[in-house]
Amino acid sequence: PYRLLGVGRGSSQADIKKAYKRLAREWHPDKNKDPGAEDKFIQISKAYEILSNEEKRANFDRYGDAGESQGFSQHQHRQFHRFHDGFYFDESFFHFPFNSERRDTSDEKYLLHFSHYINEIVPDSFKKPYLIKITSDWCFSCIHIEPVWKEVAQELEALGAGIGVVHAGYERRLAHHLGAHSTPTLLGLINGKITFFHNAVVRENLRQFVENLLPGNLVEKITDKNYIRFLSDWRKDNKPHVLLFDHMPVVPLLYKLTAFAYRDYLSFGYVYVGLRGTEELSSQYNINVYSPTMMIFKEHIDRPADVVQAREMKKQLIDDFLSQNKFLMVARLTNQRLFQELCPVKKSHRQRKHCVVLLTGEGEKFAEAYEAFLTFAVANTKDTLKFVHVYVERQPEFADALLMDEEKYRGRSAVVILERRNNAGKIAYKALEEAWQGTKEDNFILLDLLDQLRTDPGLLSSETVVADLNDELAPMFLIRWLYSMLDYITDCWDSLFHSNWREMMPLLSLLFSALFILFGTVIVQAFSDSSDTRDSPPSEKEETAAKTEKNDVSFSKESNSRIPKKGFVEVTELTDINYTSNLVRLRPGHMNVVLILSNSTKTPLLQKFALEVYTFTGSSSLHFSFLSLDKHREWLEYLLEFAQDAAPIPNQYDKHFLERDYTGYVLALNGHKKYFCLFKPHRSGDEGGTLGSCEDYDASLHAEARGKPSCSPGSRSIKNKLHKLSFWMERLLEGSLQRFYIPSWPALD
């Protein structure tokens, strides 16, 4: 109910009632034609019913539900606390802010909803960057970063950045839209683009993250060498230019955020007064080097149009200063947006605003007329008057609609007073009878018309409809296309390395499917090309090799004929490819039983290993693998260092270091809890004749080639290493084996 009405938990009844009335008027089905208005209105009414009743509100705050049957009774609640107090388990002992009564409400004013994010936050991100936190209940990491988050949120909000909080438990749609699949998650939003934060959550990193979101060319460093060029660009940029003088070597974040917010109206420069090479600039404008100074330059670069100086620049002070100086004294209409801002549509007779437009051309021929018009504008600036100029060659449709293509204005400047009547382009206007030359007579005529306009609005007798202005400063199509491609490539690069992999799965699936089809076609083609070679009669050497291969694979054939399919034991090799999935990220409760072998002992050890562990393959929590000692001896030695009483520790000065025989060792690895159990192989002399005959053993395991026994005294001694492994496996499942813990799993290099 608090979220539905948009109020905090500490709000008074008056605030709740005020919020309800506002939302009820907005979502009433008779006034709101939205298909979901009726459901929304019902939810708002139910929310107000709960919060307007103090008893129901208290029940909701305490138990999360307004119904009396959903919470504890008072008697049960008292018994519950006595039970916890008796065992010293009261919530106040741990200070975990999960109880709704004690939960911190500092984030409530930053809470975001999906519709609010789409309709307000995303458009507002084109004026200021947002730092957004995704959190949830029972998130211990969220509690850990809370102090840093509070400090940074307050600091950045004071500087002009936006702050947002998304509760993943209540706003799952918004959390999924943002690409956050775990909590806490911090991300930045600027120009509608999302960037994830990947560093440690400390104040400096978060400030730097927000600063890195901003474009790099917002503020230009100004010195004695380039300040004239910078201030003279007002003609090309059609913007006032702002200079901030400060003794900080780097541009303050407050100034960068301000430059981003006003980048469509103003150009910004920064002067480090402590730098050698700024003395001329500071002395020319009489700068006090001990306090920050901000100056705005318009058409005249020899003197500022406005100045503000303060020991500590605050955001509110800067906003008030800049909002009053967003435009030039005689701005050039370069696009429709600027025309609508400078010459707004009249809303009432008291809010009439007129524009005095100079229709002129480019070049020295029209410079005198423009300077005279500028002088007149500076002397007669009022809130109800705006002075602008238009280049006829760049806005021909606009000029033709006002001057009606009259001959007396060709090649000369003209002045028109106009008022916009609606957003469809309808205007009322009156043009000066003669061309504008900037003489005293022209000034008197224009001033007389403006005086008459204050008392007689009907002076603007002519009406016409003008089309939207051309965007003169818009880049060429090719440049826009290149910028779009660069942004797309950058987004793909960021998504590939930083975004959540769930969002990349469709693209990766498409890519790997195409590669699979491509390589599959190549492989099929290769097999079809070599069909003639396979069909040709084999040579004597090939026949001999085929017979040998037939004897080698006879074991698997006989196994298939003697052992049912369910008797298969799957043993995979542990390599650097599957090391993470088979061990490091093994699910909780699962263990990987790994046999250590070498290339020379691989076949007999695997046969014996399969026989010993076959009865345990029914457990879904056990996985069986083998590790090559020839490839990964260092990894094994590292693990055995943590089992000093169970295995010899290698010494780097031991000349027999590489001769130690670890074949037959078996490790039961618990990847989640980071411990292992160790099985040491039994020596052949310790076992006596418990194994039985070689023929019986091979028959039971089907390790004998057809008509040719593979048993030998050497293979028997190797197989004896795993004798009684099944008893060890039983103790492993019972949990009675000694566990050796390690801090982290080493890399399998």
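Me: Which residues have the most contacts inside the largest nonpolar core?
Reply: In this predicted model, the residues with the most contacts inside the largest nonpolar core are M294, L322 and F398, and that core has 92 residues. The element that gives the most to this core is α17, with seven residues.

Me: And what is L322 in contact with, leaving aside its neighbours within four places in sequence?
Reply: With those neighbours left aside, L322 is in contact with V242, T258, Y262, L266, F268, M294 and I296. M294, which is in that list, is also one of the residues with the most contacts inside the core.

Me: What lies apart from that core?
Reply: Another core lies apart from it, made of 25 residues, and F626, F679, L722 and L732 are among them.

Me: Switching to aromatics, how many aromatic pairs does a search of the whole structure find?
Reply: The search finds 19 aromatic pairs. One of them is F373 with F387, where the ring centres are 5.8 Å apart and the planes stand at 70°, so the pair is edge-to-face, given that planes over 60 degrees apart count that way.

Me: Where do F373 and F387 lie?
Reply: F373 lies in helix α17, residues 367-379, while F387 lies in strand β12, residues 385-391, so the pair ties together parts that are 14 residues apart in sequence. Both F373 and F387 are buried, and together with F376 and W436 they form one aromatic cluster.

Me: What about Y579 and W635, how are their rings arranged?
Reply: Their ring centres are 6.1 Å apart and their planes are at 90°, so this pair is edge-to-face. Because Y579 is in helix α24 (residues 579-584) and W635 is in helix α26 (residues 633-640), the pair ties together parts that are 56 residues apart in sequence.

Me: Are Y579 and W635 buried or exposed?
Reply: Y579 has a relative accessible area of 6% and is buried, and W635, at 4% relative accessibility, counts as buried too.

Me: How many of the residues of α26 are buried?
Reply: Six of its eight residues are buried, so that the helix is mostly covered, taking buried to be under 20% relative accessible area. The buried ones are R633, W635, L636, E637, L639 and L640, and what covers them includes helix α24 together with the strands β17 (591-597), β18 (622-628), β19 (666-670) and β20 (675-679).

Me: Which lysines lie over the face of a ring?
Reply: Among them are K40, which lies over the face of W27 at 5.8 Å from the ring centre, and K326, which lies over the face of Y265 at 4.1 Å from the ring centre.

Me: Now helix packing: at what angle do α8 and α10 pack?
Reply: Helix α8 (residues 140-159) and helix α10 (residues 203-213) pack at an angle of about 35°, with 10 Å between their axes, and the crossing is right-handed. The contact is made by V148, E151, V152, E155, L156 and L159 on the α8 side, and by R203, L206, R207 and V210 on the α10 side.

Me: Backbone next. Where is the peptide bond that is cis?
Reply: The peptide bond from T183 to P184 is cis, with omega near -5°, and P184 is placed in the loop between α9 (172-178) and β3 (185-190).

Me: Which residues have a positive phi although they are not glycines?
Reply: Two examples are N191, with a phi of about 55°, and K674, with a phi of about 60°. N191 is in the loop between β3 and β4 (193-196) and is partly exposed, with a relative accessible area of 33%. K674 is in the loop between β19 and β20, and K674 is likewise partly exposed, with a relative accessible area of 31%.

Me: What is K128 in contact with, again leaving aside neighbours within four places?
Reply: K128 is in contact with G160, A161, G162, L189 and F260. K128 and F260 are 132 residues apart in sequence, yet their C-alpha atoms are 6.7 Å apart in space. K128 itself is found in the loop between α7 (114-124) and β1 (130-135), and it is partly exposed, with a relative accessible area of 26%.

Me: Last one, how many helices and strands does the protein chain have?
Reply: The protein chain has 29 helices and 21 strands, and buried residues make up 40% of its 749 residues. Among contacts between residues at least 6 apart in sequence, 72% join residues at least 24 apart.

Terms used: Residues numbered from 1 in each chain as written. Predicted model: local features only at pLDDT ≥ 70, side-chain atom pairs only at ≥ 80, totals over all residues. Heavy atoms only, no water. Phe/Tyr/Trp six-rings, centres within 6.5 Å; stacked < 30°, edge-to-face > 60°. Helix = DSSP H or I, 4+ residues; strand = E, 2+ residues; numbered from the N terminus. Buried < 20%, exposed > 50% of the residue type's maximum accessible area, 1.4 Å probe, protein only. Lys NZ or Arg CZ within 6 Å of the ring centre and 35° of its normal. Core = buried A, V, L, I, M, F, W, Y, C linked by side-chain atoms within 4.5 Å. Contact = heavy atoms within 4.5 Å. Axes fitted to C-alpha atoms, helices over the stretch in contact; angles between N-to-C directions. Left-handed = near helix turned anticlockwise from the far one by under 90°.
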